[in-house]
Amino acid sequence: MASMTIRNLDEQLKAKLRIQAAQHGRSMEDEARNILRIALSTVSAQTPGLVDAIRNRIAVTGGIDLELPPREAIREPLDIDR
């Protein structure tokens, strides 16, 4: 089995891990291992992207039809050398 070292762990986080480990009657190492096991064994529900979030919010209203304005011709670029 591979070994892993976690360096530069924030003191507050380490204190929380120590307390949680004591509450569960485990060593800090065993508690960290359990936290990782739980976090990595659950199927994560991906957060929908912005487009999907908007689409889901509008879907309950039956949708919205927007009238798109006609496109205009592309303007000539500014000549900044003059």
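Biologist: In which helix do R33 and D30 both lie?

Modeller: This is a predicted model, in which local features need pLDDT of at least 70 and side-chain atom pairs count only at pLDDT 80 or more, while totals for chains, interfaces and linings use all residues. Residues are numbered from 1 along each chain as its sequence is written, and side-chain values use heavy atoms, with hydrogens and water left out. R33 and D30 are three residues apart, about one turn of the helix, and helices here are DSSP runs of H or I with at least four residues, numbered from the N terminus. The helix in which both of them lie is α2.

Biologist: Which residues are linked with R33 in a network of salt bridges?

Modeller: In general, side chains of opposite charge can pair when their charged atoms come close. A salt bridge (a side-chain nitrogen of Lys or Arg within 4 Å of a carboxyl oxygen of Asp or Glu) joins R33 to E29 at 3.4 Å, N to O, and another joins R33 to D30 at 3.6 Å. R33 and E29 are four residues apart in helix α2, which spans residues 28-41. The residues linked with R33 in the network are therefore E29 and D30.

Biologist: At what angle do α1 and α2 pack?

Modeller: Helix α1 covers residues 11-23, and its axis lies 9 Å from that of α2, where axes are lines fitted to C-alpha atoms over the stretch in contact and angles run from 0 to 180 degrees between N-to-C directions. The contact (heavy atoms within 4.5 Å) is made by K14, L17, R18, Q20 and A21 of α1 and by M28, E31, A32 and I35 of α2. The two helices are roughly perpendicular to each other, a class that takes in 65 to 115 degrees, and their packing angle is about 95°.

Technical notes: Parallel < 35°, antiparallel > 145°, perpendicular 65-115°, else oblique.
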